[in-house]
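Here's a model to talk through, with a few questions about what the labels rest on. Take a look first.

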Amino acid sequence: MWAVKVPVNIHGNTKNGCNNFFIVRKSLVKMCSTKRQSFQLTPIKSQIEPLPIMVNGCTGKMGRAVLEASISAGLQPVSVCFSGPEDAGKTVEAGGKEITVHGPSDRENILSSVFEEHPNLIVVDYTVPAAVNDNAELYSKVGVPFVMGTTGGDREKLYKTVSDSKVYAVISPQMGKQVVAFLAAMEIMAEQFPGAFSGYSLQVMESHQASKLDTSGTAKAVISCFEKLGVSFNMDEVQLIRDPVQQVEMVGVPEEYLLGHAFHMYHLTSPDGTVSFEFQHNVCGRSIYAEGTVDAILFLAKKVKLKEEKRIYDMIDVLREGNMR
């Protein structure tokens with residue numbers, strides 16, 4: 001980066017001498033002027049150290065999207081990451097850097113070594129539901145701050161593990177900022193108007209790419225709000241659409257987003273069938289989640305830097321911070 005130093009006469013003195021100053025990014029640099037003044041190009045060293053991150057699961061589509069968004073935001077991926085045994089030994093190229101993928105073996109030593117080398121490291125987890133609890137135990141044991149975007153696993157055990165370890169973490173089954181804002185509104189409604197939909201029946205349909213094996217965490221959270229509002233619903237009744245033909249013909253998913261989308265519909269009907277409400281949010285692609293994850297990384301890094309409370313934060317906390325890009 002270069003800055004142009006432009007002479008500014010502070011005192012209105014046009015004579016030779018040392019009354020001319022140069023303003024460079026709010027800094028005053030005093031210099032002696034000569035009869036022939038000229039512009040000067042001076043290299044400026046960045047005052048911001050790149051924030052190191054480890055994106056575990058970056059061999060997957062969501063992890064890759066987060067990796068690319070992080071690099072675009074100026075974050076610096078370290079040279080290693082973790083994934084499943086099937087990806088061990090692979091190399092991922094991103095931002096002109098090669099990242100070596102390690103499997104389950106010797107993860108603690110590797111992570112401890114990287115954390116020692118990069119004490120301001122933030123780990124990001126976009127692996128698979130089956131790995132959630134083991135990964136959280138590893139991060140908690142090493143003491144590294146982490147952002148968990150992976151859904152599934154034993155969530156109660158997850159929260160207990162992390163809470164007991166007193167480590168910095170952002171854990172959220174939903175990283176899309178705008179979707180989180182909608183969830184927050186639902187929670188406020190459920191808290192302030194409990195029983196408002198008593199007796200109503202609920203139908204829930206959610207469509208995701210075929211590779212998503214579990215029920216959406218977002219759907220579960222919204223259903224929980226409706227239950228507080230007086231609706232009786234069994235989680236097994238959620239209609240999971242994973243067939244591409246149904247997704248196009250019945251749900252209306254654009255074909256180019258069959259491999260990456262999230263369409264949700266919640267339909268409420270009154271006991272006598274005369275009143276109905278419908279809530280719907282459709283997301284194509286992964287950019288909304290990737291950008292939200294970057295905000296979560298920056299949020300957590302700030303908490304660590306300011307030595308604020310070591311605890312589990314969520315995307316509501318990130319939203320309330322108000323410093324999203």
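Q: What makes H1 and helix H8 (residues 287-305) count as a packed pair, and how do their axes cross?
A: This is a predicted model, and in it the axes of H1 and H8 come within 8 Å, crossing at roughly 60°.

Q: What about helix H5 (residues 177-192) and H6: at what angle do they pack?
A: About 20°, with the two axes 8 Å apart. The cut-off for roughly parallel is under 35 degrees, so H5 counts as roughly parallel to H6. Their crossing is left-handed.

Q: Which residues are closest to the centre of the largest pocket?
A: The pocket has a volume of about 1200 Å³. Of its 50 lining residues, Met62, Tyr126, Thr127, Val128 and Thr150 are the closest to the centre. Elements giving two or more residues to the lining include helix H3 (132-142) and strand S16 (261-269).

Q: How do you know that both domains contribute to that lining?
A: At least three lining residues come from each of domain 1 (52-175 + 287-321) and domain 2 (177-285).

Q: What is the make-up of the lining?
A: It splits into 18 nonpolar, 24 polar and eight charged residues.

Methods:
Residues numbered from 1 in each chain as written. Predicted model: local features only at pLDDT ≥ 70, side-chain atom pairs only at ≥ 80, totals over all residues. Heavy atoms only, no water. 1 Å grid on protein atoms, 1.4 Å probe; cavity = no way out; pocket = protein on both sides within 12 Å on 5 of 7 lines; lining within 4 Å. Points joined across faces, edges and corners; volume = space filled by probe spheres on them. Helix = DSSP H or I, 4+ residues; strand = E, 2+ residues; numbered from the N terminus. Nonpolar A, V, L, I, M, F, W, Y, C, P; charged D, E, K, R; others polar. Domains from an automatic or database assignment. Axes fitted to C-alpha atoms, helices over the stretch in contact; angles between N-to-C directions. Parallel < 35°, antiparallel > 145°, perpendicular 65-115°, else oblique. Left-handed = near helix turned anticlockwise from the far one by under 90°.
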